[in-house]
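Hello,

Here is the structure we spoke about. Please have a look, then read on for what turned up.

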Amino acid sequence: MSLGGEAAAPRGQAGGWLTLRRRKSLLPLALVLPGLLWLIIFYAVPILSQLWISLQTGNPDDGFAQTWNWAIYADSISEYSEQMLRSLQYAGTATIACFIIGFPLAYFIAFKAGRWRNLFLLLVVLPFFTSLIVRTVAWQTILTDDSWITNALKTIGLVPEDGRLLATSFAVIAGITYNFLPFMVLPLYASLERMDRTLVEAATDLYASRWTAFRRITLPLAGPGIFAGVLLTFIPAIGDYINAQLLGTSQQYMIGNVIQSQYLVVREYPTAAALSFIMMLVVLVIIAVAARFIGTKRLSEAAVA
Amino acid sequence: MPDESLDHFFDRLVSGEPISRRSVLRRMAASGIAVGSASAFLAACGGVEGSGSGKEEVDTSNVNHPKAPIGTLVFSNWPLYIDEKVIPGWEKANDAKMRYLEDYNDNEEFYAKVRQELEQGQGIGRDLVAPTDWMAGRWIDQGYAIPIDKKNVPNAKNLLPSLQNPPFDKNRDFTLPWQSGITGIGYDPKKTGRKLNSINDLFDPEFKGRISMFSEWRDSAGLVMLGQGVDPSKATKAQCSAAIEKINEENEKGQIRRFTGNDYTKDLAAGNLWACVAWSGDLVQLEADNPSLEFLVPDDGGMSWSDNMLIPQEAKTPYGAETFMNYVYDPVAAGVIAEYVNYFCPVAGVQELVAKKNPELAKNQLIFPDKATLDKLYAYPSLSAADERELTAQMQKVTGA
């Protein structure tokens, strides 16, 4: 809309539909409209349709009918609780591993890398230039039974003589950790990088040990980044199915594998929809609890980190 | 799709295998993980309301597709499943163009991708697709296939007798095999330390964690039934179910390393698997680079299947599709395809032609099986749609999803 033209119109005209006051109150709405439409079309509508589908019963050959079958939620949970718990466990372990690997890396890039900083950041993001599947297939090759890694670990006794790395929980968690590491590193880097380093100097001037300064200054200031990194890693990791599919066995399948198979192979669309919905709720609850725990201010800081 | 070709390239790079035939993409795709599967996944997530059965009786007695200008024929086939040299011959003879797509990566996935159009009675933008037997049966039962005007396909007489009357399409009114294949055992005798001769050898505790089976039940359970002395082509649902249960027991013991799609080839070539349920064409190819690998049609029997040319509903040019079927049932064109594809050739007369140029290939039992081999092969069980669904669900449970 042409704001200038409108503003030039005589003010306070009794019959004018767009009075200044009304225009002022409508403007924010107009600005929010594109985003709102986006959310409605790509978020609300699919979710409602998902909910609608999940309550249907029937079969793919004769069709599904709406029967408001709420029992499907309890059934799906009891049927696939194993894969759900496994998803939480794998995603949780991988997130912790990402943090342990990612924090020193982000710290190094933010404070020690100097003029190489951008190069290191590029290197962190570089794997994303190839597809997730390609990267994961590469791990298949790295971890094969006859690979030097497997043989080396066998020699030092970390893997039993008739054991293997590929097709184990270890491989799946390692794959998730690898694939999601940049999601942890980047927000950590962002929050460390804008930290005021003089605070650490001040702390050490006041006789804080380096460790205390780190614990009392650096870590809390990196808080929003840690929180963002944990969420960005954990949430997509729960739904991941590529790693379990390529690096695991049927004993490592996660809830994403179940949903995929229910949609594409078994064609039990209601079960698949219900499982997707449950997974989303679980994630929402986790975020809500975390927000409660850490505070919404931190949460929004994390969002912009 | 750039992503797909990248995967393709990378796969070749990491596996050191030459790229050929459909195995490469299919191996990823069959387990539902190809890049393309994401779109199918999204398609499948769409609404399912009103998916009433599209069942309509199609009259096959009176099909007439008169000669008409063809324009462009669209064929969706499995990746690396044709020698594209043969296409211009058909194009010239019929003054037509072909858009040959390699986007049929997986039966269920492709079905999921086009399901909504089919249910609404629309065309899917293809004139030919290549579903495997059981999936072709689903298309026919749902009324999604156009019957073939046999007057346009005189060469169909070259179809091997053993393939003429499959249970899902008794008179081949809707389908003609594109290529056929054998499901048996692929193994490395150096690793197993002995010759295998039955599917039950896969359950030898010595091989714990070194064998794999297909996650799709028809092949895996079919072989297991043969090991139990059951004829899978006549099997009841209970017998199929018992075979799946047997697979479950072995899996719980840790005997089975993975359930795979086409991706077993990589594990087998890398030595992660010592023996596995395998497709004949893949092994012909793998053997070229890993001479120690062998394909076995077990003494108890193997499964045989076909990927079938089928004309989907609302196809633009059924006549064009039929002329193409006719063309590839000419032994000359069929021979070119067979030499490239290395699956079991469904067209009679090809073996003699190939023997002149490539006598070694003509002797390959996996491409031109003799009667003794053919007698050991069995078709997939033919069960009701509901039974098939239950067995699919049971098998998915076993495979952990």
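The expected span of a helix is 1.5 Å times one less than its number of residues. Keep that in mind for the two helices below. Note also that this is a predicted model.

First, chain B as a whole. Chain B has 17 helices and eleven strands. Of its 401 residues, 55% count as buried. Take the contacts in chain B between residues at least 6 apart in sequence: 80% of them join residues at least 24 apart.

Now helix H5 of chain B, residues 107–119. H5(B) has 13 residues. From first C-alpha to last, H5(B) reaches 17 Å, close to the 18 Å expected. H5(B) does bend, by about 45 degrees, at B:Lys113. B:Lys113 is also one of the buried residues of H5(B). Others on that list include B:Phe110, B:Tyr111, B:Val114 and B:Leu118. Ten of the 13 residues are buried, so H5(B) is largely enclosed by the rest of the structure. After the helix comes B:Gly121, with a positive phi near 75 degrees.

Next, helix H7 of chain A, residues 169–193. With 25 residues at 1.5 Å each, H7(A) should span 36 Å. The end C-alpha atoms of H7(A) are 35 Å apart, which agrees. H7(A) bends by about 50 degrees at A:Phe180. A proline, A:Pro182, follows within four residues.

Best wishes

Notes
Residues are numbered from 1 along each chain as its sequence is written. Chains are lettered from A and ligands numbered from 1 in the order in which they are written. This is a predicted model: local features need pLDDT of at least 70, side-chain atom pairs count only at pLDDT 80 or more; totals for chains, interfaces and linings use all residues. Helices (H or I, at least four residues) and strands (E, at least two) are DSSP runs, numbered from the N terminus. A residue is buried if 20 or more other C-beta atoms lie within 10 Å of its own, exposed if 12 or fewer, and partly exposed in between; C-beta atoms are placed from the backbone. Two residues are in contact if their C-beta atoms, placed from the backbone, lie within 7 Å. The bend at a residue is the angle between axes fitted to the seven residues ending there and the seven starting there.
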